[in-house]
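Visitor: I'm new to this one. Could you pick a single part and take me through it slowly?

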Amino acid sequence: MKYLIANWKAQMTFPQIQTWCQDFLELVNSDTALLTNLQQNNIEIIICPPFPFIQFVQYQIKNVKNIVVGAQTVSSIEEGKFTGEVTAKSLQGIAQYAIIGHSERRTHFNETEEMISQKIDQCKKYGVQTILCVRNQEDTIYETDIVAYEPTSSIGTGKNANPQDVVTMKKTLNLSSTIPFLYGGSADENNEHEYLQTGEVNGFLVGTASLNAKEFYEMAKKLIG
Ligand code: PGA
């Protein structure tokens, strides 16, 4: 199985998301090869909108197998009087996945390893699958459903990492062979083949290139070859 994740961050308004969904679904629904690959579990596409739009996107994509929604983060707290927190318990049945430990969360919102570990526990408890982002070998690897290696210097900079360095990092992280290993950091339709050629990368976590429906669709197309 290959994975393609759209991480829109805080960069899309509701009208933009409505247009994105319409454009993306039109492209997917007219592509028999991609639909077949989605049907046959060869690829899963995970769209991670800002919280207010998760259900809208979920409703839009509900008729296409293996296109699902995820949250960009989740609370480390289970429930209670914590204004503004979005818990795994509340995401249960709404988002299939949550991204955890993205470098922007670690850097700008001071997320610690302790919080990350609690978030993963919460997701496991409430059936939300986890996408763990790691920046380097210093970050702790937890038991999660997907691991995405995202070197900070490549995120949003247009400077994607050297594919051989990504392969080396995968070995250093010593992941279980059953965990899908994704690359993220200025990944786009023009450079994805460099990573796929290594045979060690199972997909991509995409920021900038996911904001454009056509570009993201092209990435999905190339992922299945
Ligand atoms: P980018 O973002 O594709 O814009 O580099 C990736 C990410 O932050 O997940």
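Guide: Let's look at how helices pass each other. α1 goes by α3 in a right-handed crossing, meaning that the near helix is turned clockwise from the far one by less than a right angle. Bear in mind that this is a predicted model, where local features need pLDDT of at least 70, side-chain atom pairs count only at 80 or more, and totals for chains, interfaces and linings use all residues. Residues are numbered from 1 along each chain as its sequence is written, and side-chain values use heavy atoms, leaving out hydrogens and water.

To find the pair, look for α1 at residues 14-29 and α3 at residues 54-61; helices here are DSSP runs (H or I, at least four residues), numbered from the N terminus. Their axes come within 11 Å and cross at roughly 20 degrees, an axis being a line fitted to C-alpha atoms over the stretch in contact, with angles from 0 to 180 degrees between N-to-C directions. The two helices are therefore roughly parallel, a label for angles under 35 degrees.

Who touches whom? On the α1 side, F14, I17, Q18, C21 and L25 meet F56, V57, Q60 and I61 of α3, contact being heavy atoms within 4.5 Å. Sorted by class, this contact has seven nonpolar residues, two polar and no charged (Ala, Val, Leu, Ile, Met, Phe, Trp, Tyr, Cys and Pro are nonpolar; Asp, Glu, Lys and Arg charged; the others, Gly among them, polar).

Note on methods:
Angles under 35 degrees count as roughly parallel, over 145 as roughly antiparallel, 65 to 115 as roughly perpendicular and the rest as oblique.
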